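Subject: Structure for you, with notes

Hello,

Here is the structure we talked about. Please open it first, then read the notes below.

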Amino acid sequence: MKKDIILAGVGGQGILSVAAVIGLAALDYGLEIKQSEVHGMSQRGGAVVSHLRISDSTIHSDLIPEGTADMILSVEPLEALRYLNFLKKDGWIISNTKPFVNIPDYPPVEKILEEINSLPNSLTINADGIAKALKSPRSSNIVMVGAASPYLDIPVENIENGIRQIFGRKGETVVELNIAALHKGREFALGEK
Amino acid sequence: MKKALLLGDEAIGQGAIDAGISGIYAYPGTPSTEIMEYVQRSPKAKANNVHARWSANEKTATEAALGMSYAGKRAIVCMKHVGLNVAADPFMNSAITGTNGGLVIAVADDPSMHSSQNEQDSRYYGKFAQIPVLEPSNQQEAYDMTRDAFELSEKYGVPVLLRVTTRLAHSRYGVELSEPLKPNDLHLPGDPKQFVLLPSIAKRRYKILLGVQEHIEEDSENSRYNKYIEGKDKSLGIITTGIAFNYLMENFPDGASPYPVLKIGQYPLPKDAVNKIFKETEELLVLEEGYPFVEEYLRGVIESGHKIHGRLDGTVPRDGELNPNIVAKALGKDLPPDYSPPEFLANRPPELCPGCGHRDLYDALNDVMKDYGPQRVFSDIGCYTLGALPPYNAINSCVDMGASITMAKGAADAGVHPSVAVIGDSTFTHSGITGLLDAVNDNTPVTVIILDNAAVAMTGGQPSAGEGRIEQICIGVGVEPEHVRTVIPLPKNHDEMVRVIKEEIEYDGVSVVIAQRECIQTLVARKKRMRKKK
Ligand SMILES: Cc1ncc(C[n+]2csc(CCOP(=O)(O)OP(=O)(O)O)c2C)c(N)n1
């Protein structure tokens with residue numbers, strides 16, 4: 001078993017928490033993970049990417065080779081397209097629809113979503129809207145984890161455990177909200193299947 | 001045994017703790033920062049009473065670590081690659097003094113310059129100082145090598161350089177920890193003159209260092225980190241260093257190379273092993289992260305007729321970090337990807353945070369400078385360097401930490417007026433103070449703007465060495481107190497900032513304007529912590 005995931009977003013959007021939840025879920029399920037992160041300069045509102053590799057055997061490279069990623073999971077639509085060269089032919093591209101506009105030449109969102117949806121395996125989801133409806137706007141990243149969950153080959157119970165490990169310190173309410181966000185995202189993805 | 005999921009940097013931190021260090025010294029710098037941060041968080045380090053505070057710069061850090069080694073205890077010092085330039089003097093001379101307690105210098109290089117001004121390769125420094133260099137290929141080796149580095153250091157009485165690069169520093173993987181060692185007891189050097197590098201003693205010490213060379217070469221030859229892996233297909237031999245090995249293995253999905261591979265993790269280069277692969281194979285491919293350090297060494301200048309492929313013949317790009325695709329291409333195995341990003345994709349460069357005080361200062365400075373003409377603002381390294389980009393386009397230099405003040409001085413000496421320096425508080429205490437002293441001694445007409453956000457913001461908001469004392473320091477160095485002005489960079493203070501900067505530019509001497517407002521990132525983090533405490 002192998003799942004190579006490109007996680008994309010803008011510095012400050014918290015893609016490392018997405019990586020941490022999925023990574024811990026994979027460990028909880030008994031798999032190995034290797035995860036490269038971005039620290040430093042680009043974290044200041046720039047494009048950020050993390051390579052998350054999950055496998056049942058030794059993982060060599062810290063970076064995913066181009067053209068082989070099983071999934072691009074992006075918390076921002078423009079960023080979903082930035083790493084398309086990494087996606088394998090039948091890989092999944094899963095993106096939040098809410099743009100983060102901090103550059104003057106941000107392309108029209110419709111054009112971006114159209115490009116994403118033209119790929120054979122794509123899913124776009126209004127994670128911010130769903131999180132807001134749950135009265136937990138900060139959970140939009142976990143909605144994205146939920147949207148990706150049907151394609152991760154990791155049981156949803158293990159992902160819940162990942163959430164417990166990450167948010168446990170913040171109290172039971174926060175854990176419950178994020179588990180609810182996970183399931184909302186998951187339901188949406190299963191409905192689109 | 002349960003594995004710990006650690007960044008390469010964290011594995012170094014844990015390795016150092018488990019090697020029984022008594023101190024870690026560092027100045028922050030991507031991609032090395034997380035080594036110190038990990039040790040600072042570690043309960044085990046606390047229990048061992050490990051000294052773990054940030055230093056003013058890499059030179060002071062290295063000297064403090066050498067002092068700890070003098071006292072017979074183990075110490076590690078950590079920095080990014082360019083930090084070693086700052087620490088080069090104690091670094092080079094610590095090879096001559098030798099060590100007492102184990103001394104490890106951990107340096108994180110940044111090929112591809114993700115967060116740096118250059119991509120210099122620290123292995124040259126190791127060779128320059130004639131000391132052993134260890135270069136891990138993965139997180140487990142980062143842990144093991146850190147521990148072994150202390151042993152090597154104590155065995156041969158020399159400091160040991162541990163070199164990692166960005167991808168290993170910032171990637172997590174499972175690491176198996178081994179039994180922790182107890183810290184050394186305090187014991188002073190047997191020879192009271194060992195550390196006195198007067199020429200007569202230095203000559204003797206240098207001979208000792210030269211005498212050690214054959215032993216550290218032999219150590220490399222027998223090192224478990226230099227591995228010869230047999231392969232059936234002798235048409236090619238592959239030499240890898242550090243994480244290049246992983247990229248190579250990624251290209252052989254069953255984990256076995258058909259070609260013989262020499263995996264290097266410890267320098268000086270193991271000559272016997274290199275000769276073996278040279279003789280056994282028809283051509284060589286050298287895969288290394290950084291400069292063509294090994295490749296150049298193998299090629300030499302005498303034509304051997306033996307084909308050596310790598311960065312110097314274009315098989316691998318001359319600059320930038322490696323990745324699995326570059327290695328695939330070098331092996332003739334590369335497949336073009338199925339997709340590519342659309343043409344309409346826009347770049348998203350980093351930017352100053354919304355609400356950051358640096359923004360307000362640049363707005364004011366730009367208003368002032370438009371009356372004086374372009375290209376008169378020298379700056380430095382930190383978040384505020386982003387002022388070089390649109391919409392500000394406010395600064396004209398960023399070279400090395402502290403250079404804003406001294407370059408402004410030199411330009412003023414040449415007749416540039418006004419000559420303005422913009423420098424962050426941490427960069428100022430790192431290496432700006434001495435430059436300010438030069439300007440004061442010369443009464444050079446420069447205006448130095450110190451962006452005092454009470455944090456080392458660029459690297460994650462570490463505490464700043466001169467916090468709350470920037471004004472005092474400037475006055476102490478000799479700037480006239482009435483020309484050390486403080487402003488609060490907020491939009492509502494725009495006109496006042498413009499007035500103050502203008503007044504100080506008009507002053508014919510050294511003036512300082514301190515723009516004082518806390519970094520909004522550290523402010524938010526602090527407020528969050530306070531709320532939690534309530
Ligand atoms: C010799 C050296 N050491 C460390 C660094 C990494 N580094 C870049 S900027 C910076 C800190 C800047 O802090 P400050 O001057 O206070 O500016 P701020 O980012 O807070 O605006 C550091 C540590 C470097 N580039 N060079």
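Does Phe91(B) count as buried or exposed? Phe91(B) counts as buried because its relative accessibility is 0%. Buried means under 20% relative accessible area, exposed means over 50%, and partly exposed is in between (1.4 Å probe, protein chains only).

First, the ground rules. This is a predicted model, where local features need pLDDT of at least 70, side-chain atom pairs count only at pLDDT 80 or more, and totals for chains, interfaces and linings use all residues. Residues are numbered from 1 along each chain as its sequence is written, chains are lettered from A and ligands numbered from 1 in the order in which they are written, and side-chain values use heavy atoms, with hydrogens and water left out.

**Phe91(B)**
Phe91(B) sits in helix α6 (residues 88-97) of chain B. Helices (H or I, at least four residues) and strands (E, at least two) are DSSP runs, numbered from the N terminus. Leaving aside neighbours within four places in sequence, Phe91(B) has contacts that include Thr62(B), Leu84(B), Tyr125(B) and Leu161(B). Contact means heavy atoms within 4.5 Å. Lys59(B) is 32 residues away from Phe91(B) along the chain, yet their C-alpha atoms are separated by 8.3 Å.

**Domains and cores**
Chain B has domain 1 (3-221), domain 2 (227-330) and domain 3 (357-522). These bounds come from an automatic or database domain assignment. The centres of domain 2 and domain 3 of chain B, taken over C-alpha atoms, are 47 Å apart.

The largest nonpolar core has 98 residues. A nonpolar core is a set of buried Ala, Val, Leu, Ile, Met, Phe, Trp, Tyr and Cys residues joined through side-chain atoms within 4.5 Å. Ile24(B) and Ile76(B) have the most contacts inside this core. Helix α8 (residues 139-156) of chain B gives the largest share, seven residues. Domain 1 and domain 2 of chain B both contribute, so the core lies between them. A second, separate core has 55 residues, among them Leu361(B) and Ile505(B).

Phe150(B) lies in helix α8 of chain B. Phe150(B) is buried, at 0% relative accessible area. Beyond four places in sequence, Phe150(B) touches residues including Ala16(B), Ile21(B) and Ile76(B).

In chain A, helix α5 (residues 140-148) is mostly covered, with nine of its nine residues buried.

**Salt bridges**
There are 39 salt bridges over all chains. A salt bridge is a side-chain nitrogen of Lys or Arg within 4 Å of a carboxyl oxygen of Asp or Glu.

- Asp367(B) pairs with Lys370(B) at 3.3 Å, N to O. Asp367(B) is partly exposed at 30%, and Lys370(B) is exposed at 60%.
- Arg499(B) pairs with Glu503(B) at 3.3 Å, N to O. They are four residues apart in helix α20 (residues 494-506) of chain B, so about one helical turn separates them.
- Arg526(B) pairs with Glu518(B) at 2.6 Å, N to O. Arg526(B) is partly exposed at 34%, as is Glu518(B) at 25%.

One network of salt bridges links Lys2(A), Asp4(A), Arg53(A), Asp70(A), Lys88(A) and Glu250(B).

**Exposed leucine**
Leu188(B) is in the loop between β8 (171-175) and α10 (199-222) of chain B. At 55% relative accessibility, Leu188(B) counts as exposed.

Best wishes
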